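Let's walk through this protein together, starting with its overall build and ending with a few single residues.

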Amino acid sequence: MANVTEAPHANPVAAVPSSQDATRGFFYALTAYLFWGVQPIFMKAVAHVPATEIVAHRIVWSVPVAGLILVALRRTADLKSAFRSPRTLLMATITASLVTVNWGVYVWAIVAGRAVETALGYYINPLVNVVFGAVLLGERLSKPQLAAIALAVLAVIIMTVDAGGLPWISLTLAFSFAVYGYLRKTLPIGPSQGFFLEVLILSVPAGLYILWLQFQGEGHFLASQPTDIALLIACGPVTTVPLVLYAFGAKLLRYSTIGIMQYIAPTMVFLLAVFAFHEPFDATKGIAFGLIWAALAIYTWSMLTAARSR
């Protein structure tokens with residue numbers, strides 16, 4: 001999922017979308033979240049491939065898919081100015097590096113049988129965004145938001161004590177995506193164009209890494225393994241299509257609607273992890289997740305109340 005690499009840019013005080021736009025936006029966003037929700041099933045199909053190689057193929061095969069989509073939508077004009085701006089290229093390189101970390105940890109965790117922790121990370125992410133807004137943007141936190149953050153911190157403490165160490169997978173996913181979302185807003189181009197620019201930049205080291213693996217005899221992109229070839233190429237559309245659908249959905253929906261829908265994917269991942277992948281879920285994890293769900297309920301309630309008052 002990590003794959004949720006673009007934060008919604010919808011303005012919470014923007015004009016209310018028409019019912020037709022809202023319906024289309026809901027369909028786009030729902031499809032994207034469902035896509036991300038079942039993505040661990042695809043990752044399990046390539047679990048025999050090292051996570052770094054999977055990430056490299058996700059990057060390389062996302063380039064042609066994202067490029068074709070931009071050409072079809074006639075949204076390539078922004079890229080010309082981006083290529084002439086050293087600052088834009090530098091920021092895109094930084095955000096690309098962050099999304100690589102996010103993807104890498106996500107893929108490794110799914111393959112390693114730790115999908116529960118990835119779900120926790122994406123549950124925590126909205127609350128981390130709230131903290132970033134307060135620390136970096138000077139936004140004032142309401143009492144419900146403070147309560148939600150306190151519950152999330154308590155959940156992390158419980159999991160830390162139980163495991164004898166920080167839940168680094170969850171925290172890395174939550175914080176890397178939060179930093180990515182914050183910095184991504186500085187790119188003066190649209191979300192789809194920005195994604196294409198990021199994977200284009202990343203495709204150079206990723207392509208060289210794939211070639212090195214092939215020359216070393218360690219790569220899985222082999223003519224003798226057509227199933228592996230198909231799966232690795234499929235990493236492109238599996239990565240790009242939900243991002244594009246999400247970008248369209250976020251533009252047509254209220255900010256509060258997207259805020260609620262963002263819990264669909266981690267909930268599906270959590271259910272898959274426990275009931276399909278049979279990952280361990282003991283009483284301690286149950287308490288921690290209960291605290292996180294309570295925190296998200298409080299956070300969502302405060303968000304909806306604020307939206308209604310506006």
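Helices (H or I, at least four residues) and strands (E, at least two) are DSSP runs, numbered from the N terminus. This is a predicted model, in which local features need pLDDT of at least 70 and side-chain atom pairs count only at pLDDT 80 or more, while totals for chains, interfaces and linings use all residues. Residues are numbered from 1 along each chain as its sequence is written, and side-chain values use heavy atoms, with hydrogens and water left out.

Let's begin with the whole protein. How many helices and how many strands are there in the protein? You will find 12 helices and 0 strands. Read from the N terminus on, the elements run α-α-α-α-α-α-α-α-α-α-α-α. The C-alpha atoms fill a box of roughly 55 × 45 × 35 Å, taken along the principal axes. Another way to describe the size is the radius of gyration, taken over C-alpha atoms; the globule rule for it is 2.2 Å times the number of residues to the power 0.38. For 310 residues, a compact globule would come out near 19 Å, and the protein has 19 Å, so the two agree.

Next, think about inside and outside. A residue is called buried under 20% relative accessible area, exposed over 50%, and partly exposed in between (1.4 Å probe, protein chains only). Of the 310 residues in the protein, 48% are buried. Accessible areas come from the Shrake-Rupley method with a 1.4 Å probe, and for residues only the protein chains shown count as cover. The accessible surface of the protein comes to about 14200 Å², and 69% of that belongs to carbon and sulfur atoms. As for contacts, the word means heavy atoms within 4.5 Å. Take the contacts between residues at least 6 apart in sequence: 85% of them join residues at least 24 apart.

Now zoom in on helix 11, residues 264-276. The expected span of a helix is 1.5 Å times one less than its number of residues. Helix 11 has 13 residues, so it should span 18 Å, and its end C-alpha atoms are 17 Å apart, which agrees. Which residues of helix 11 are buried? They are Ala265, Pro266, Val269, Phe270, Leu272, Ala273 and Val274. The cover over these buried residues includes helix 1 (19-45), helix 5 and helix 12.

Histidine 278 has a positive phi of about 55° although it is not a glycine, and its relative accessible area of 63% makes it exposed. Arginine 74 also has a positive phi of about 55° without being a glycine. Look for arginine 74 in the loop between helix 2 (51-73) and helix 3 (77-83); it is exposed, at 77% relative accessibility.

While you are at helix 12, find serine 302. Serine 302 is buried, with a relative accessible area of 10%. Leaving aside neighbours within four places in sequence, serine 302 is in contact with Pro144 and Gln145.

Charges come next. Side chains of opposite charge can pair when their charged atoms come close. A salt bridge is a side-chain nitrogen of Lys or Arg within 4 Å of a carboxyl oxygen of Asp or Glu, and the structure holds 2 of them. One joins arginine 114 and glutamate 117, with the closest N and O atoms 2.8 Å apart. Arginine 114 is partly exposed at 27% relative accessible area, whereas glutamate 117 is buried at 13%. Another joins glutamate 198 and arginine 184, with the closest N and O atoms 3.6 Å apart. This pair links distant parts of the chain, since glutamate 198 is in helix 8 (residues 191-215) and arginine 184 is in helix 7 (residues 168-184), 14 residues apart.

Finally, turn to the surface. Patches are made of residues with over 30% relative accessible area and no salt bridge: like charges are joined within 9 Å, and nonpolar side chains (Val, Leu, Ile, Met, Phe, Trp, Tyr) within 5 Å. Here Val131, Val135, Leu136, Leu137 and Tyr182 form a nonpolar patch, with about 440 Å² of accessible area together. Helix 5 (residues 115-137) gives the largest share of the patch, 4 residues. Valine 135 is found in helix 5, and its relative accessible area of 64% counts as exposed.
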